[in-house]
Structures are given as C-alpha cells and as structure tokens.
Amino acid sequence: MFGFHIENEIYTQLIMIFSKRPVTYGAIALMSLITLSSCVESNQAQEPSTTPTSSETNVSEAVNRLISTKECSGCDLSGANLTEADLENAILTDADLSGANLVGADLEKANLIGANLSGANLQNADLDNAILSNSDLSQAILIDAEFDQTIMPDGTIRNYE
C-alpha cells in the first residue's frame, strides 16, 4: 500500500517523535513500527507478479516462432496479438488462434486447416487463397476481411468477381 519512500518517512517520523518521550512511548513506538512493518510486508507479498505465466510465455514463444518461420502447426496462439502480421503462406494447421488479434494481418495463401479461430478478430485481414477447411470461425470478427479464392470451413470456395 505504501511506497518505499513513504515507508521511510513514516519510520523516521515515528522514531523522532517517540525517541524523545519516556520509556512507555518508546515501547509504543516500537510496537507501531513492528505493526507498520508487518503491514508493509503483507502488502508487498500481495503485489501482483510481473513475471509472465507459463501459458503467456508459451504463446509468446509460439508467436516468435510463427513470425520467424511462418510455420506453427498445432501451436497455442490463443489471444495472441498478430496485428498486421505478415503471415502470407504461413502453415497454421490445427493451431489455436481463438481470441487472437489478427486485424489487418496478411494471411494470403495461409494453410489454416483445422485451426481454431473462434472469437478471433480478422477485421481487414487478407485471407485470399487461404485454406480454412475444418476451421472454426464461430464468433470471429470478419468485417472487411478479404476472401477471394478462399477455401471456407465447409470446403466451398469463396469467389469474388
């Protein structure tokens, strides 16, 4: 709850106030310092960790792998931020892209067979000539996404003229 600077000021003030008083006040000061110290330690123990969880680390590693190799079959990319990513010709068979942010991503000619794209944001994404057979697009945002010559989840080809 207290910042380090504030803690030091409180300690200093308490010591200055009670050090000039009789022994009874010294005991009160000591008890106050102990109580304050335990409260500060308790609050520090409750502060959230900034260390990424193992699932966040795994997604981050999968994103790095995908960007560098354009291949991540079966990867967990759920919730990943792939905004405007260059994923042309990427191989993402059976990948979990649920809830991923793919706004403006280039997925032209990408292999997304069996991919989970449920809840993914594909707004303005380029899916021309992509293969989406057996993929899950439930609740995906597809506003202004391009689907020219795309093989859709049911196996049909989407053509624009």
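I take helices to be DSSP runs of at least four residues and strands to be runs of at least two, numbered from the N terminus. With that settled, I opened the model, which is a predicted one.

**Entry: overall layout**
I looked up the fold elements and found three helices and two strands. Reading from the N terminus, I get the order α-α-α-β-β. Of the 161 residues, 32% are buried. I also checked contacts between residues at least 6 apart in sequence, and 4% of these join residues at least 24 apart. The accessible surface came out at about 9,600 Å², and carbon and sulfur atoms account for 53% of that.

**Entry: the disulfide**
How many disulfides does a search of the whole structure find? I got one. It joins Cys-72 to Cys-75, with an S to S distance of 1.9 Å. I then looked at the handedness: the torsion about the S-S bond is about -90 degrees, so this disulfide is left-handed. Are its cysteines buried or exposed? Cys-72 has a relative accessible area of 0% and is buried. Cys-75 has 8% relative accessibility, and because the cut-off for buried is under 20%, I count Cys-75 as buried too.

**Entry: Asn-159**
My last stop was Asn-159, in the segment after β2, a strand that spans 157–158. Asn-159 has a relative accessible area of 43%, so I noted it as partly exposed. Which residues does Asn-159 touch, leaving aside neighbours within four places in sequence? I found Asp-148 and Gln-149 in contact with Asn-159. I also checked Phe-147, 12 residues away along the chain: its C-alpha atom and that of Asn-159 are 7.3 Å apart.

Technical notes. Residues are numbered from 1 along each chain as its sequence is written. This is a predicted model: local features need pLDDT of at least 70, side-chain atom pairs count only at pLDDT 80 or more; totals for chains, interfaces and linings use all residues. Side-chain values use heavy atoms; hydrogens and water are left out. Buried means under 20% relative accessible area, exposed over 50%, partly exposed in between (1.4 Å probe, protein chains only). Contact means heavy atoms within 4.5 Å. Accessible areas come from the Shrake-Rupley method with a 1.4 Å probe; for residues, only the protein chains shown count as cover. A disulfide is a pair of cysteine sulfur atoms within 2.5 Å.
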